[in-house]
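Work through each task with the model open, then compare your steps with the solution.

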Amino acid sequence: ILRSKLEKYVKQNMLTSKVVFHGNVENDEIWQVYRSADLMIAPSISEGMSISILEALSCGIYVITTRVSGNEEIIECKVNGDFVEEQNSILLYDVVRSYYFQKHQIGYEVPKSFLKEFKATYDWQKIVPVYERELTNYTKGVKALHIIDTLWLGGAQTLLKNVFECKSITERSFLFVLRKTIPLIDIENS
């Protein structure tokens, strides 16, 4: 319903040449979409660590978002993004407007040194072993692993092997939610 209202608004206000509704984008096309953007607005009120924000940031896109989840860990205010209060459309407008006049108009880009450090920090080759170690430690004594979705995860086989080796009768169940698509943060291809 919201999308149809937005599409109608765009059409009525003759903005069709300026606004694109991409919908679902395949993994092999997503980098092109990210690289064509100057700004990502993600005014979430609740969310886990946002893969889409990480992907956008790894492409050097400035992100305006809320302070939910781990956003404060990945956004350095006024360098690679900015924050707005949840459900505050007036502040969101002000921050987007400020970005446009203070950053976009002068051709601002996230500093290359900052981007390089960000990509190195959030490289999947470094993140996967951390997840494996944490989940292996957490799941000791787990009776069953319930996978609700699937995810390419470099060392998933090792992780699952460690989880399924738990044999205690008093083991607890563990719910594990994984993203369905391949994570797109890839230093060599971005």
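**Exercise 1.** Find the charged end that sits over the ring of Y108.

Solution. The charged end of K103 sits over this ring, 4.1 Å from the centre of the ring of Y108. The criterion is NZ of Lys or CZ of Arg within 6 Å of the ring centre and within 35 degrees of the ring normal. The model is predicted, with pLDDT of at least 70 needed for local features and 80 or more for side-chain atom pairs, while totals for chains, interfaces and linings use all residues. Numbering starts from 1 along each chain as its sequence is written, and side-chain values use heavy atoms, without hydrogens and water.

**Exercise 2.** Classify the ring pair of W31 and Y34.

Solution. Rings of Phe, Tyr and Trp (its six-membered ring) pair if their centres lie within 6.5 Å; planes under 30 degrees apart are stacked, over 60 edge-to-face, the rest tilted. By this rule there are 5 aromatic pairs. For W31 and Y34, the centres are 6.1 Å apart and the planes at 55°, a tilted pair. Both W31 and Y34 are buried (under 20% relative accessible area; exposed is over 50%, partly exposed in between, with a 1.4 Å probe and protein chains only).
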